[in-house]
Amino acid sequence: MNQIEEYLAVAAGKSEVHAGDDITVNVDLAIAHDITGPMAVEQFKKIGIDHVFDAKKVVFVLDHIIPAATVEAKVLHNVLKDFAKDYGVQLYNKGEGVIHQVVAEKNRLNRGAILVGADSHTCMAGAYGAIAIPVGATELAAVMATGTLDLEVPEVFEIRLEGKLNPGVYAKDVILHLIGYFGTAGFTDQGVIYTGSLVDELTIDDKMTISNMGIEMGTMISYFADRDRPVGTVKEVYTFQAEDIPARVACPPNPGNVASASDLSGVNISQVVIGSCTNGRFSDMLVAANILKGRRAAEGVTLLIIPASAEIAKEMEEQGLNRIFREAGGIVTSPGCGPCFGAHMGLLASDDVAVSTTNRNFPGRMGHREAKVYLASPRVAAESAIAGTIVPPGTVVPLGGLENELA
Amino acid sequence: MSWHSQLRGRIWKLGKNIDTDQILPGYAMAAPMEKLKDYALAGSEIQDFASRVQSGDILVAGENFGCGSSREQAPVALKDAGVSLIIAKSFARIFRRNAINIGLPVLICDLEQHVENGQDIEVDLVSAEVTVSASGSKISGTVLAPNVLETLEAGGLIAKVRKQLKIS
């Protein structure tokens, strides 16, 4: 067995499991947000029981449309508020941030814990060793009732990342590189274990960026290995050298359409978004602030800065980052998902072109379906904001030593 | 919807990588449940699908259908609009499970190249066999797993859970 199978076996109360086995696992935490939660609540109520399996193990977070942009969105908030009150489950409704970041900050799961979330980026918790499985609302409702999830044990692949990243290349470039290599359906229904000497050097923030976008190559589970014990038997091992990975950009119409940032140089842009569950952590903001300090976003570029959580927003405030962003002409919004999924705060018209640190660029993802969204690291996004066109890292601010200037 | 293992319907052809934003755009996500069907495929190349679809119609697509978000509103919108079945070369994991969980059948079959838009097909979900009505030619798909058939027969996951928890 490999590490993922070992944890699934424990959660299923079995001594061994193998790829293809149908098993039922006990769930340690079930989560949903203001878009998926209300539908899960509706389905849960159809089951006809008066309690959830364990009120301490169900968490709702309002993050997708908060503050409510429409009356309909507020109705969704109220559905969760009422349910939380009636059933005693935890609700984060004060703008605490994006669900995956909030769960990481307030509810850090033990390695091997089973997390089930009604959001596709639930896989982000694999960064700290949780077995994190994204589901839809009905499946979450079933988990809320039974405390268990039925699943098929996935085939598991190992992605070994070796060496050191080049200056100006970040975790976001690594995951974009991998999605470009394996494709958006590269690991559908399968699990991935990350290992290697690069991984040992990555911060938890970096790991979160990588596991977050696992779903963009179809993974069921995106898990960072426990380095203190063997990975175990996997289906296949893929090895990548970090030095071979350049700064990457995913072009429309999907995250698998990956090019090198240097090949896109000169593409005019009208909006830059820095934030989201993928790249809205303090370390991302620090990179962007170092670029934007004393500079201004180009004429015609709307610069949006969206912290992934209230804790991150607080740190940004305390360390003076918000002032830097505002003086650069940026709009610092409240923590949450922002325009990432196309419902509010920064939507694009048909002729707009955005560079965004978010995780998806499908047609219509951030507004009009003819708008173009390019996905990149906070560094490329920040430098592009100043240039007014997509630029490779090092164009506006020379490579090297950047991260320490403000810290 | 009661369970029918034999289906007949008119097809709508779609390409590959039809993501959940195309199936149901973000701006429609907060719409009341009963209105979701009005936005079915509004983000795709068939933007007026909701006004043209007829009950029993079948979607035929290429690989990776339903990639992207876990939003269950996407299959709900298709089902409520009248779609009786989705056939694709492959499905993204969460979409496939969501569809089955709400009682909307999905069949893995490389059918796209064998049919024309608007043609009628007959499908046997138990044998996973597709028959093109006009020519009579038959194409086989992947047989559905027993637990998937069981969920579809029950009308979706909620009915199955009720049975499991012995709620009558």
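Predicted model: local features only at pLDDT ≥ 70, side-chain atom pairs only at ≥ 80, totals over all residues.
Leaving aside neighbours within four places in sequence, with which residues is Ala28(B) in contact?

1. Ala28(B) lies in the loop of chain B between helix H1 (20-23) and helix H2 (49-52). Apart from its neighbours within four places in sequence, Ala28(B) is in contact with Leu36(B) and Tyr39(B). The residue is buried, at 0% relative accessibility. Between the C-alpha atoms of Ala28(B) and Ala154(B), which are 126 residues apart along the chain, the separation is 29 Å.

2. On cysteine pairing, a disulfide requires two cysteine sulfur atoms within 2.5 Å, and the count over all chains is 0 disulfides. Cys337(A) takes part in none; its nearest cysteine sulfur belongs to Cys277(A), 6.5 Å away.

3. Cys109(B) counts as buried, its relative accessibility being 2%.

4. Helix H4 of chain A (residues 99-106) is largely enclosed by the rest of the structure, because 6 of its 8 residues are buried. The buried residues of H4(A) are Ile99(A), His100(A), Gln101(A), Val102(A), Val103(A) and Ala104(A).

5. The surroundings of H4(A) include both strands and helices of chain A. Its buried residues pack against strands E2 (29-33), E3 (58-61) and E4 (90-92), and also against helices H8 (204-212), H9 (276-279) and H11 (310-318).

Technical notes: Residues numbered from 1 in each chain as written. Chains lettered and ligands numbered in written order. Heavy atoms only, no water. Buried < 20%, exposed > 50% of the residue type's maximum accessible area, 1.4 Å probe, protein only. Helix = DSSP H or I, 4+ residues; strand = E, 2+ residues; numbered from the N terminus. Contact = heavy atoms within 4.5 Å.
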